[in-house]
Amino acid sequence: MADIEKKDLPEKETKSVEVAKAKDEKKPEAKKAPKKDKLPLKERVSKFFREYKSELKKISWCQPKDVVKYTGVVIVCILIVSLFIGVLDFGFTKLLLFLGGLY
């Protein structure tokens, strides 16, 4: 586009060409980050478990009484839903056997 004069291009294209040239001129050399020294495996593993332990301390744990209560609620809900699905299954089975006996 260098051989095309600016007066031949619409204003929008002229600006985009100028911006593209400016970006090309401003591109810095790719800098590599300094390579960090890699820790030995034993130190990395111990660091992982230290951080793991500190994160576990930040968790707000429920009281054992609450855990028992919530476990009971879950078990009751499971029983109710399984009973409902069992009744539906029994009903559909009887319905299909009845419809199959008509033929």
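Q: Let's start with Lys58: buried or exposed?
A: Lys58 counts as exposed, with a relative accessibility of 62%. Keep in mind that this is a predicted model.

Q: What does the side chain of Lys58 meet in a salt bridge?
A: The partner is Glu55, and the N to O distance is 3.2 Å.

Q: How are Glu55 and Lys58 placed in helix H2?
A: They are three residues apart in H2, which covers residues 41–58, so about one helical turn separates them.

Q: And how accessible is Glu55?
A: Glu55 has a relative accessible area of 45%, which makes it partly exposed.

Q: OK, switching to Trp61. Where does it lie?
A: Trp61 sits in the loop between H2 and H3.

Q: Is that Trp61 buried or exposed?
A: Exposed: the relative accessible area of Trp61 is 59%.

Q: What does the Trp61 side chain reach?
A: It comes to 3.4 Å from the backbone oxygen of Leu56.

Q: What about the accessibility of Cys62 and Cys77?
A: Cys62 is partly exposed at 47% relative accessible area. Cys77 is also partly exposed, with 42% relative accessibility.

Q: Back up a bit for me. What's the overall pattern along the sequence?
A: Reading along the sequence gives α-α-α. The protein has three helices and zero strands.

Q: How much of the protein counts as buried?
A: Of its 103 residues, 3% count as buried. The accessible surface is about 10,700 Å², and carbon and sulfur atoms account for 66% of that surface.

Q: Which residues make the nonpolar surface patch?
A: The patch is made by Val81, Phe84, Ile85, Leu88, Phe92, Leu95, Leu96, Phe98, Leu99, Leu102 and Tyr103. Its area is about 1,300 Å².

Q: Pick one, say Leu88. Where is it found?
A: Leu88 belongs to helix H3, which spans residues 64–101.

Q: And how accessible is Leu88?
A: It is partly exposed, at 36% relative accessible area. Patch members need over 30%, so Leu88 at 36% passes that cut-off.

Q: Last topic: confidence. What is the mean pLDDT?
A: For the protein the mean pLDDT is 82, and 66% of residues reach 70 or more.

Q: Which element has the lowest mean, and which the highest?
A: Helix H1, residues 11–26, has the lowest mean pLDDT at 60, while H3 has the highest at 96.

Conventions: Residues are numbered from 1 along each chain as its sequence is written. This is a predicted model: local features need pLDDT of at least 70, side-chain atom pairs count only at pLDDT 80 or more; totals for chains, interfaces and linings use all residues. Side-chain values use heavy atoms; hydrogens and water are left out. Buried means under 20% relative accessible area, exposed over 50%, partly exposed in between (1.4 Å probe, protein chains only). Patches are made of residues with over 30% relative accessible area and no salt bridge: like charges are joined within 9 Å, nonpolar side chains (Val, Leu, Ile, Met, Phe, Trp, Tyr) within 5 Å. Accessible areas come from the Shrake-Rupley method with a 1.4 Å probe; for residues, only the protein chains shown count as cover. A salt bridge is a side-chain nitrogen of Lys or Arg within 4 Å of a carboxyl oxygen of Asp or Glu. Helices (H or I, at least four residues) and strands (E, at least two) are DSSP runs, numbered from the N terminus. pLDDT is the predictor's confidence in each residue, from 0 to 100. A polar contact is a pair of N or O atoms within 3.5 Å; within protein, one must be able to donate a hydrogen and the other to accept it, and residues adjacent in sequence count only if both atoms are side-chain atoms.
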